[in-house]
Each structure stands twice: as structure tokens, then as C-alpha cells.
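Try each task before you read its solution.

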Amino acid sequence: MTPDVTIIGAGLAGLTLARVLHVHGIPATVYEAEASPMARAQGGMLDIHDYNGQLALRAAGLTDEFRSLVLEGRQATRILDRDGTVLFEEADDGTGGRPEVQRGELRRILLDSLPAGTVRWGHKVSGVRPVGGGRHEVAFADGTVVVTSLLVGADGAWSRVRPLLSDAVPEYTGRSFVETYLFDSDTRHPAASKAVGGGSLFALAPGKGIQAHRERGDTLHTYVALTEPRDWFAAIDFTDATAAAARISREFDGWAPELTALITDSDTPLVPRPLYALPIGHRWDRVPGVTLLGDAAHLAAPNGEGANLAMYDGAELGRALAAHPGDTEAALAEYEQAMFPRGAEAAAEGAQLHELLFGADTPHGLLDVFTEDEHTP
């Protein structure tokens, strides 16, 4: 018997699951709090890896659509010293396994691949509870209620579904990003544009850094990393864009002006992005009729794996459900048994990456990794 599948969250994880289920002839309904697909910006660039994210898109039957989104040249990488000196540079020769796409465009091809009405917009979850027999009731802020035999939480860091399975709550990592954008950079911000180059830029010091990426066209999207408590950021009035930019850029006094321009010349207000994580190795005992995907299951500090793992989770759960059409619990157990170590490994590697990026030895430890990779046959 095919379960009625209710997915909470129309991010990459939930949409990939819905699409893979659709490929296998299994209907699902996705409930999303946002009012429409365009209700908010969908973030910046994603590098989609050949060992997880691309496999998920293949399972979804969307490889050609994905390839049409790839921005050529964006896998180029450079590491700059704080004075603007290029310490390392690697061109994009087209052979890398992590092509770059815009998150919003990737989400769009997933949405477009689903039958009309699959996603129910404007459905913010107000509560969930078990009702017996492995079934769960989901109540929404508009007063509507659904009861389902399979509830999947793909609803991110602050998942409303997670408490059915776990008492774990994301904790602040001690670091935040501050997001900026420069538009028409080649003509309006030529020095910053030249510094970033054709792909991604890392300019790092212990506890902080400027990381930028060239998006579609000549848009520069920057994440400024600072290792400070939440109270430090709360003391900054981010509604005053000029004052906020001045305060954040002060942490980079003495750095090359083409780097600090990525902060001070922002064409948008600065947006703080505090980083949270679940405990590495977060897991739960099997609870009938419910499971989690992506950040809801294994939230970690940004490390390049989050979106890829989210899609891979969705594809793997969809595959398991298709392989066990009469035994949902067997499918969930199979999915979770593989997902737990996968998420733990990625989170541990992510913690090591953040140490390379912002630890006491930066940027030298990161340079060593890149140069070792260059010489590895």
C-alpha cells in the first residue's frame, strides 16, 4: 500500500523528494510557509557535487535541466592576502566535479518538474502531533489540519517536525556571516571585480574573512565572516546600512581597499547570518511514520555540502520508498541507517574546514590543502 506522503518545506530537500517520488509514480504533497515561489530571495551560488548533489538530480531525471543552469568558469578559485596579494589561483578548466549554479534557478527546475498543485503555498505549520498507528496530524496557522501516514520534515534549521524525533536544538557556532552584494561590478566596482576574478575569492585571517563569489553576470556576492558572540552583532544597527558597513569594515582596517569595498560599497543593506549547528552525529530512534531531511536532520556550519546533502537525502528517501512499496517502516529504517553516518561525516569535515578557514593558521593551512591537491595524481 502506498503511503500518503506529506512533506513540510519546499526547499531543495523536500522538492527533490517530491520529484523522485513522482518519477516512481508515488504522489506527495509539499506544504510551504512562504506565500509563493518568489516570496523571498533564494540565496546565492551552489557548487553541485558529482558524488551527491548531481546523483540526486540524476535520480530526479533532471540532469539536462541542471546542466543548462551551470555558470561556466565559476569553479575558479583564488586566495588573497589581506594586502591583496594573490597567494593561490586555480582556473576553471571545465573538468572540475563541482559546477556552480544559482540556488533559485535550481529550485525552479525542481518546482517546474512537479505536477500542478503538489506544493501548497502559504501553509505555515503551527503544530504537529502523533495520532496513533504511525500517523501524524499537522496543523497550520490558517486553521487547516491534515493527517498523514508519512510525515517528512524538510523544514530546515528550526524544523517543527524535529521535536517528534529528537530534543536537539541548533546552537550558535560562535561565528556569523554578513552578506553583501555588488551589482554591475565590472563597470561600477572594477577594483573589487578584478580582485574576485571569475569565480570565488577567499581573503582570510584568524577568526575572520572575506569570501566572495561572482554570480550570474557581474554580480559579486560576499559573505564576511566574523567570530563574535550574538550580542556583538546585536549591538550593530543593521537598519542603518552606512553605519553597519562602517562598523563591519572596521574589523578589516588595513586590508586592501579592493577587499573592504566588498563591504563598504554594498548595493544592498548588510544582512547578518548567524551560523547554527546541530550536534555532530545527531540521530534518533526510529519513530513510525516520520523522518527528517537536510538541515532538519543534520544542520552544520556552511561547508559546501548542505544543499548537496539535502538533495541527496531527498533522492535516497524517495528511492527507498519506491523500493519498499508495502513497507514504509523498512524504507525509513534503510534511509536513516545510511543518512546518519553520512550527515555526521559531512558535519565533522565541515568543522575541520572552518578551522582551516578561520583558525590560527589561516590562510597557510588552506593553502597547504590546495597545493597538496594540485600535486596529488
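**Exercise 1. Find the strand order and the pairing sense of the open sheet of three strands.**

Solution. This is a predicted model, and the strands of this open sheet run in the order S8-S9-S10. Their pairing is antiparallel. Next, look at the edges: strand S8 (125-132) and strand S10 (145-148) each pair on one side only. From one strand to the next, the twist averages 20 degrees. Now zoom in on strand S9 (residues 135-140), which pairs with S10 over four bridges in the antiparallel sense.

**Exercise 2. Compare the span of helix H1 with the expected span, then work out how many of its residues are buried.**

Solution. Start with the limits: helix H1 covers residues 12-23, which makes 12 residues. Its first and last C-alpha atoms are 16 Å apart, close to the 16 Å expected at 1.5 Å a residue. Turning to accessibility, 10 of the 12 residues in H1 are buried, so the helix is mostly covered, with buried meaning under 20% relative accessible area. The buried residues include Leu12, Leu15, Val20 and Leu21, and also Arg19. Finally, step past the helix: H1 is followed by glycine 25, whose phi is positive, near 75 degrees.

**Exercise 3. Classify the aromatic pair of tyrosine 181 and phenylalanine 183, and decide whether each residue is buried or partly exposed.**

Solution. A search of the whole structure finds nine aromatic pairs. In the pair formed by tyrosine 181 and phenylalanine 183, the rings are 5.8 Å apart centre to centre, with 25 degrees between the planes. Planes under 30 degrees apart count as stacked, so this pair is stacked. Tyrosine 181 counts as buried because its relative accessibility is 17%. Phenylalanine 183, at 32% relative accessibility, counts as partly exposed.

**Exercise 4. Which residue lies over the face of tyrosine 172?**

Solution. First place the ring: Tyr172 forms one aromatic cluster with Trp158 and Tyr276. Then look over its face, where arginine 230 lies at 5.9 Å from the ring centre. For a lysine example, go to phenylalanine 252: the charged end of lysine 208 sits over its ring, 5.5 Å from the centre.

Note on methods:
Residues are numbered from 1 along each chain as its sequence is written. This is a predicted model: local features need pLDDT of at least 70, side-chain atom pairs count only at pLDDT 80 or more; totals for chains, interfaces and linings use all residues. Side-chain values use heavy atoms; hydrogens and water are left out. Helices (H or I, at least four residues) and strands (E, at least two) are DSSP runs, numbered from the N terminus. The expected span of a helix is 1.5 Å times one less than its number of residues. Buried means under 20% relative accessible area, exposed over 50%, partly exposed in between (1.4 Å probe, protein chains only). Two strands pair if DSSP finds at least two bridges between them. Axes are lines fitted to C-alpha atoms, for helices over the stretch in contact, and angles run from 0 to 180 degrees between N-to-C directions. Rings of Phe, Tyr and Trp (its six-membered ring) pair if their centres lie within 6.5 Å; planes under 30 degrees apart count as stacked, over 60 as edge-to-face and the rest as tilted. A charge sits over a ring if NZ of Lys or CZ of Arg is within 6 Å of the ring centre and within 35 degrees of the ring normal.
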